[in-house]
Amino acid sequence: MTKSVTLCFLLRTHNGHPEVLLGLKKTGFGAGKVVGIGGHVEPGESVVAAICREVAEESSLTIEAMDLIPAGSVEFVFPAKPAWDMFTTVFLCNRFGGVATESSEIAPRWYRVDQLPLTQMWADASHWLPAFLAGERGHWRVVLNDDDETVATSTHTPPRERRLVEESGS
Ligand SMILES: Nc1[nH]c(=O)nc2c1ncn2[C@H]1C[C@H](O)[C@@H](COP(=O)(O)OP(=O)(O)OP(=O)(O)O)O1
């Protein structure tokens, strides 16, 4: 079954430049890559509770549910490893408390939005991350190749179209 995960891209302006918090994943899935802050939604947990928990666990920053900006979702499809399939709910947030601090799982770092470390991220990140940060919304479906790294296809469904698809039950 597709796992439910959630990511939050914290935003700030530093020296006049918009920046986003990403982190070097030190352990587990995607170790060695620069990734978004977030992780699995636990059974019985809401997505909002999960992202507040994951941000605190991974970066020591505190965020409030009411400050989360729903941005959309990304589905990662690994045809060669269906157990890795994930559905990710994506938030942005520009209010938070504390100082980003390294945890056992992630070494967080602020990156200028116009200098994203895309070569150190999952290859699919270039398909959806700059778009979310530029204000695009909706659902991305990313299908990886059998190497579980490179992108086979990437499709974007804008929010209104996606609502219509969900309402029609297809
Ligand atoms: N193709 C992909 N591109 C991407 O940018 N992020 C991906 C991805 N496939 C998965 N992810 C992200 C989503 C999620 O935040 C993360 C995996 O979740 P976790 O960090 O929670 O996994 P771990 O197994 O390390 O941790 P635990 O849940 O604590 O076991 O990987």
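Two residues are taken to be in contact if their C-beta atoms, placed from the backbone, lie within 7 Å. The structure is a predicted model, in which local features need pLDDT of at least 70 and side-chain atom pairs count only at pLDDT 80 or more, whereas totals for chains, interfaces and linings use all residues. Residues are numbered from 1 along each chain as its sequence is written.

Helices (H or I, at least four residues) and strands (E, at least two) are DSSP runs numbered from the N terminus. Helix α1, at residues 47-59, comprises 13 residues and spans 18 Å from its first C-alpha to its last, close to the expected 18 Å at 1.5 Å a residue, the expectation being 1.5 Å times one less than the number of residues. A residue is counted as buried if 20 or more other C-beta atoms, placed from the backbone, lie within 10 Å of its own; in α1 this holds for Ala50, Ile51, Cys52, Glu54, Val55, Glu58 and Ser59. These buried residues pack against β1, β2 (17-25), β3, β5 and β6 (106-112). After α1 comes Ser60, with a positive phi near 70°.

The ligand is surrounded by 16 residues, of which Gly28, Phe29, Gly39, His40 and Trp122 are the closest, a residue being near a molecule if its C-beta atom, placed from the backbone, lies within 6 Å of it. Two or more residues of this shell come from each of β1 (3-14), β3 (34-40) and β5 (86-93), and β3 gives the most, with four residues.

Notes: A residue is buried if 20 or more other C-beta atoms lie within 10 Å of its own, exposed if 12 or fewer, and partly exposed in between; C-beta atoms are placed from the backbone.
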